[in-house]
Amino acid sequence: MTRVRRESFAQLWADAVAGTSYVSMGRDELAAHLLGLTDRLIDAAIAPDFDPSVAHEVGADLVAAHFTGTETLGETLALITGRLANLLDGLTDCPELAARIARLAGNIAAGYASALRERTLDEQEAIHRAGLVARMEAERALAASEARLRAMFTQAAVGIGIGDLEGNITEANPTLLRMFGYTLDDFTSLKVSSMVHPEDAASVWQAYEQLICGERDHFRVEKRFHRADGGEIWTHLTVSLVRDETGAPAYQVAVVEDVSERHRLQARLHYQAYHDPLTGLPNRAMVSDRLAQVFARPIGSRRIGLCYLDLDGFKVVNDSLGHDVGDQLLIAVASRLAGCCGRGQLVARMGGDEFVIIVEDSCEEDVISLAEDVLAALAAPIRIGDYELIVTASIGIVERPVAVTTQADLVQAADITLYWAKADGKGRYAIFDRHRNEQEVARFTLSTTMPAAVERNEFFVDYQPLVALADCTLRGVEALVRWRHPTYGVLGPEQFIGLAEETGAIVQLGRWVLAQACEQASRWRADFGDAAPFISVNLAPRQLREPGLVGDVLTILADTRLDPSHLQLELTEQALMGDEAGPVEALAKLYDMGVRIAIDDFGTGYSNLPYLRRLPLHDLKLAGSFAVGLRPALPDLVDERIVATLVNLAHALDLTVTAEGVETIAQLERLRALGCDAGQGFLFAPPCTPAQIDALLRAANPLGGPGTGTRAL
Amino acid sequence: MDRPSWAPTDVDLELPSAARVYDYYLGGSHNFAVDREMARRAIELWPDLPQVLQANRAFLRRAVRYLISQGITQFLDIGSGIPTVGNVHEVAQDALPEARVVYVDVEPVAVAHTRAILADNDRADIVQADLSDVNAITADPRATRLLDFSRPVGVLMVALLHFVPDDADPAKIVSRYRELMVPGSQLVLSHATQEGRPDQADSHTALYERTTTPMTMRSRSQVAELLCDFDIVAPGVVFLPQWRPESPADVDDRPERFTGYAAVGRRE
C-alpha cells in the first residue's frame, strides 16, 4: 500500500473530525497525528496475526489528544467502516478483512469510551478536589479573618457593643465593660433603652429609632451615660446598622469613645474663662455673654437692670493693710453681694473692686430695692483677721427696656451713674438720669472744643461798669468773657469757666482775656485820658498757681502800654486758701508792681478777715447776696449789720469795699449810708460792649439815676 | 475593591463560573452541574458557541507561539481560568522548555485547580488576584519568583476584557499593565463582540448577567482603542480565525461567525 493512500486517508480523517473537538493542534499537525493512527490501524488490519487491541489503544489515543467531543468518535467510526475497506482493496487478500475492520471499529469505540470515562472521572475528581481545596482555603482565610476581627474587638481601645433590633445588648468588648464598670452578664441583661440619660437630646433617640427601622445607616452623637457605680461618662457614640444580604436590618453596632476627661477639661477651661478665680463669681466675660444673650432677643417689653458697684476707698485698704487683706475683703464683699441676689440676677466681679449685678426682666423699683439691700448688707463691719473693716460702696443703677438700648450704652450708662454716686458723696446709689447725662455730655463737648474755640476767636469780652457810690461816676469796668458757640449760642462765664478750670483750658483763655481787656483799657486811656476806667480782670485759682503768671501780666502790660495801676485783678478767697506759698508770692509781686488786687465774691466762703490782713489787697467785692438783704421791702437788719461790720473792718484794714448786685436806688442809698465805696450792678449798667462804654464815657453823666441803666443799653 | 484585602473570597459552588463553563465548551469535564446547565442553555441560544471558543483557544495557541518566535520567554496570563487543554504553559513550554508562565485568576476553584496541575512544574505558577489589582500581582512572590519585569513580557488578556464593564474603565486597566511592560513586551487580546452576530449577542449577554461575570460586548474600534498605546501587529484587529492562521483551510468561509476579535500589540 502506498504512502500516498495512507496520507490521503489521514487527511480525510482530519477533515471529518476538524471542529468536532478542541485539540491543541493546527490542521497540518492534526493530519500528521492522525496519519500515525492510520498507520497503526492499517498495519493491524493486514497483519498475519490479527490483534484488535491496537484499535483499543487508538481509541484511547484520541481521548488523550483531547478528542473529547463524541462527534469525533462517530465521524471516525463512519470513516473506518465506510472507507478503510476500499483503501485496502487490492492490497490484501485477507478473507476476513470486513470482519477485521468491524472488530477494529468496535475496539476503537471501546478504547475511546473507556479512556473518555477515565478522563471524565479524573477531571471531575480534579475539579471537585479543587472545589474542596478552594473552600478549605476560604474557610481558613475566614477563620484567620475572624480571629483578626475578634482580636480587634477584644483589644480595641474604643468600646464596642453589639445589639439586636429589639435593643437587647448581645456583646460588649472589654473596653466597653471597663468604661461602664459592668460585667458582660450585667451588660447582656441590659436593654439599649435603659441607657437613656436625662440630659439626652430628643434627637438622639429619634436617630436610634430611625436606625432600627433601617431609615438610616448610622448616627454619631455626643452622649452621657451612667456608669454602674452611679458616675457619669461623656462619650462620642457612633451607632451603625448592619444589614443582612437582602438589605434588611440585622443588628446594630455601637462604637463608644470615652471623652469624659476631655469633657472635664473643657468644662474646667470654660469655668475658668467665665469666672473670677479670687471670688468665684462670674467675670466680665460672663457678664458680656449674658448681656449679649439678652440683647440678642429684645422681645416685646422685656427690661434689663444693671447695678454697677464700686467699693469706696478700697485703694486705701489695699495700700495700708496689704493686698492679702484687700483680697479677703473682696471675697467677703462678693459673698455678701451673692447673698443679696436671687433668681434672674447675676452678680459678677468686673475686676479690681468693681462688681456688677444684672437683673433680667426687671422693674426700676426692684433694682433700687436690690441696691438698697446691697448697701445694707455691706453696712455691717467685715472682720478680716484682726481688722474690723467698714466698707461702703457706690452704686450706679440703670434700668430700661432692652429694645431701646444697646449693650454698650447700658454698660456705659451704668459706669457714668456709678461716677455720679461717687461724686454725690459715696456710700449711696445714683439712678441714671438722661437729662443730667445730656448736660454732662454737653459740658464734656464744650471742654474738648474750648482750646480750638480760642484759636477760632469764638470768645469775646463785655465790660460792666464799676461806679463810685459818692458821685456815681464810672471808675472802672470788669471784663466778662463770653463764648459765641456755633451750636449753643452765646454762653456766659458760669457755663464754661468751671469747666475750663477743670481741664486747664483756663490758663490759655485767661491770658487771652487779660490781653484783650488791657488792650481795650489802653485804648480808652488814649481816647479819654484820666476819665478812662481802670480794668478789672478775673483770675481763676488755676491761673494764680501758674508759675508764668507774673511774667505774663508784665508782658501784656508792656505790649499794651498800660500802667499797672490801671489794672485790677479779681480773685476768690478760695484761690488763696491753699497751703502753697506760690499764689501769695505772685500776688505780692503784682501788688508791688502797682497792680490793684481785689477779693471777689467776698462773704460766700470762709470770709476769714484776719487772714486777709496778711494779704496784699486793695479792695473787697461783697457778694451780691448782701445787696439782696438790703431791699427796703424786706429790711434784714442782720444783713445790714453784717455789711456795716464788713465795711468797717475793711476800712480798718485800709481796703476799699465794692458792692456787687446793686439793682435799686434804695440799695444804693443804704450802701452809701453804710460807707461802702463802690458798686456794680444793673442799677448802673449791665455788661456792655466797648462801644457802649465809649458812649457812657463821652456822655460823662453820673450812672445810677432813674433810667440810666436802660439808656446805657 | 469593596472588600478589604484580608477578607476571604466567598466560594459558592452553586453559582456557574465562566472559567468552568469555558472548559465545558472545550469538551472538558472540569465543571459542575451548574456550569454544564449554564453552558447547555447558552449553546441552545447560540449553537456556534463551542466553535467560537475553540477558535479563541486556537488563537491563544497561535499567539503564544508567535510571541516565542518574537523572543518572548515569560508570560503573564490574566484571567487564565481552568487550565484546560492547550493552556499557555503547555504551548509555551512545548516550544521553549525554559519558558516561564504566571497565571492570574480571582476565582478560587480555578486557582486551586491550577495549583494542583502545576504542582510539578517549577516554571509556572498562579497568583490569586483581580485583574485590576496590578500592584498585588506584580508584588506577589509567586510572580516575582518567575517573572523579570525588566525584560519583555507577554501579557495575555484572552477572552477577559469583555468581563470588565465600561464603568470599571478597561482602558485604564490596560494602561496600568502597559506601564510595567518594558519595550518589546507584547499584549495578546481577544474580546467578544456583537459585530458579526448582533441577533445573538443580546441574549448571550443576558445569560451571562446571571453569572459572577457579566459580559460587555465591544466593537472592533472599541477593541482597537484598548490597544491604542501599542503597535498593533499584522494583521491588526481581526476575527479570531483570521489572526495569522496556520493554513488557509483554518480560516472558515464565514469568519464573522466567530464573534470575537483578536489582536496582538507590541510595546515600543
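## Burial and fold of chain A

In this predicted model, chain A has 713 residues, of which 32% are buried. Its secondary structure comprises 26 helices and 21 strands. Among the contacts in chain A that have a separation of 6 or more, 63% are accounted for by residues 24 or more positions apart.

## Nonpolar cores

The largest nonpolar core has 110 residues, and the members that touch the most others are A:Leu104, B:Leu76, B:Val104, B:Val155, B:Leu156 and B:Met157. Helix α5 of chain A, which covers residues 97-155, gives the most to this core, with 10 residues.

Apart from this core lies another one, made up of 71 residues that include A:Ala505, A:Cys518, A:Leu576 and A:Ala650.

Returning to the largest core, B:Val104 is one of the members with the most neighbours within it. When residues up to four places away in sequence are not counted, B:Val104 touches B:Leu76, B:Asp77, B:Ile78, B:Gly79 and B:Ser80, and also B:Ile126, B:Val127, B:Ala129 and B:Ile137.

## Contact between the chains

The contact between chain A and chain B takes 27 residues from chain A and 31 residues from chain B. On the side of chain B that touches chain A, at least two residues each are supplied by α3 (49-69), α4 (88-95) and α5 (108-117) of chain B, and the largest share, six residues, comes from α5(B). Sorted by class, this side of chain B holds 14 nonpolar residues, 11 polar residues and six charged residues.

Terms used:
Residues are numbered from 1 along each chain as its sequence is written. Chains are lettered from A and ligands numbered from 1 in the order in which they are written. This is a predicted model: local features need pLDDT of at least 70, side-chain atom pairs count only at pLDDT 80 or more; totals for chains, interfaces and linings use all residues. Two residues are in contact if their C-beta atoms, placed from the backbone, lie within 7 Å. Helices (H or I, at least four residues) and strands (E, at least two) are DSSP runs, numbered from the N terminus. Ala, Val, Leu, Ile, Met, Phe, Trp, Tyr, Cys and Pro count as nonpolar, Asp, Glu, Lys and Arg as charged, and the others, Gly among them, as polar. A nonpolar core is a set of buried Ala, Val, Leu, Ile, Met, Phe, Trp, Tyr and Cys residues joined through C-beta atoms within 7 Å. A residue is buried if 20 or more other C-beta atoms lie within 10 Å of its own, exposed if 12 or fewer, and partly exposed in between; C-beta atoms are placed from the backbone.
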